[in-house]
Amino acid sequence: MDYEHVREVDPEVADALSNEVTRQRNTLAMIASENHVSEAVLEAQGSALTNKYAEGYPGKRYYAGCEYADRVEELAIERATELWGADHVNVQPHSGTQANQAVYFAMLEPGDKILSMELSHGGHLSHGHPANFTGQLYEVESYGVDPETGYIDYDELHRLAEEFDPDVVVSGYSAYPRTVDWERIQAAADAADAYHLADIAHITGLVAGGAHPSPVGVADFVTGSTHKTIRAGRGGIVMCDEEYADDIDKAVFPGGQGGPLMHNIAGKAVGFEEALQPEFDEYADQTVANARALSDRLTEHGFSIVSGGTDNHLVLVDLRPSHPDTTGGDAEDALDDVGIVLNANTVPGETRSAFNPSGIRIGTPALTTRGFDEDDIHVVADCISRVVDTPDDEDVKADVAETVLDLCEANPLYE
C-alpha cells in the first residue's frame, strides 16, 4: 500500500496513511471494537461511489444516475437480511450511534423514558449518557450487573422496568463479556409495555456466525455497527419488523442524516458477502475461543476478570484486586509502548474517573482475523501480564516488544 496517487498530491497525508498500515502490521489490535477488514472491503470503501449522492432509497432517489448505487445498496440489504434474518433492514446509518438515533427518533418523543445499562457496567454513550443527545432529550434510568457475579441482574432489570415504566428498554452492550438473554429483557419490556431495542454493535459478527444468540425476532428493533466483529464497511445498520419499516427509513433519511455514504455501503455489501461464507462461522467461533483462552490465562496470572470469564469476544479486567496502584490508563500506556493496543475501561463499582478508570478491556476479533489461535493468545496474555506487573521495567518492555513483533510477523497483515 504505497498510496502513490495521494503522495503526488499530499505527501504528508500519504506518510500518515503508510505509517498507519505499518502500525497495524506491527502491533496487536486488541481494542474490542476494532478489526481488520479485507483488502476487498478496503477497495470497495475507496471506490468511485464516494462521488455519488444518493439521497433516498433504491428506486426512490432524489437524484439521477443512481442505478449502480441502487444495486450496491440492494445487495447490502439482501445480504444483511440473509445474515440476520430480519424482515426489514436499513443499511444507511453512518454509525451504530446513528442507527440507535433512528430508532429513538422514529418511536420516541423528547422527554420519553429510556431504561438502559449504566455506562460503567458496560453500557454505551448512545443508550442515555448525559453527555450524549440521548441523555439530553430523554429521561433515563439505568440498570446494571450484579456486583457479586458481574452478570446482568435480570430480576432487578424487570423490577426497574415495572417501576420506571420506560418507553423503550435498551439491551446490547460495549463492555459486557457474557451471553445476553434477550428473552428475559423482552419480558421486562413487555411488563412495561415498552419497545425493546437490542444494540448488537459489538457482536454483529458473533450473531451472524452463530456464536451468540440472536435478538432478531425477539426485540422490536436490532441495531449494530458493521465494522466490528462483522468485518464489513464502517457504519451502522437497523433491523426491524415490517410494521416499523417506514418509520425507521424516514428517521434515517431525512430525519437524521442526508445522503448515504455509498462507498461505505459498498464496503458493507462486500463484508456481508464474506460473512455469508462457511469460514466466517469458524472465525466467529475462534474469536470466542480466543477470548476464553485470554481470560483463562490472565486468571492464571492473578488478574481479576469481571464475571469470572467471557462468552464473547472481549475480556474485562478489574485491576484493583491484583494491581491496586495501577490504573487502566497506566496499563494502556505501558502496553501501547510494546505494541499491544487496548483501552482503559470502567468496571462495575468504579471508584476512579472515567478518563482514567480501574479496568482494561481486551478484545480478540482483530487477532483472530490475523490467524491467532489459543496458543498465540496464551503468549499474548503472558506479555500483558509481564508489562502490567512491571510497567516501568524497560528490559521487560523491550523483551515483550520483540515477542510482539515475532507474533506479528508470524501472522502477517495486508501483505
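I looked up the crossing of α12 and α15 in this predicted model, and the crossing is right-handed (the near helix is turned clockwise from the far one by less than a right angle). Helix α12 covers residues 278-300 and helix α15 residues 374-389 (helices are DSSP runs of H or I, at least four residues; strands are runs of E, at least two). I read an angle of about 40 degrees, with the axes 9 Å apart (axes are lines fitted to C-alpha atoms over the stretch in contact, and angles run from 0 to 180 degrees between N-to-C directions). The two helices are therefore oblique to each other (under 35 degrees is roughly parallel, over 145 roughly antiparallel, 65 to 115 roughly perpendicular, the rest oblique).

I then listed the contact (heavy atoms within 4.5 Å): α12 gives Q286, A289, N290, A293, L294, R297 and L298, and α15 gives E374, I377, H378, A381, D382 and I384.

Numbering runs from 1 along each chain as its sequence is written. Local features need pLDDT of at least 70, side-chain atom pairs count only at pLDDT 80 or more, totals for chains, interfaces and linings use all residues, and side-chain values use heavy atoms, without hydrogens and water.

Next I turned to pockets (open sets on a 1 Å grid where a 1.4 Å probe fits, with protein on both sides within 12 Å along at least five of seven lines; lining residues have an atom within 4 Å of a point). The largest pocket has 30 lining residues, with Y3, Q24, V37, L42 and Y414 nearest its centre. I noted that α1 (4-9), α2 (11-26) and α3 (39-45) each supply at least two residues of that lining.

In the second largest pocket, strand β14 (residues 343-345) gives the most to the lining, with three residues.
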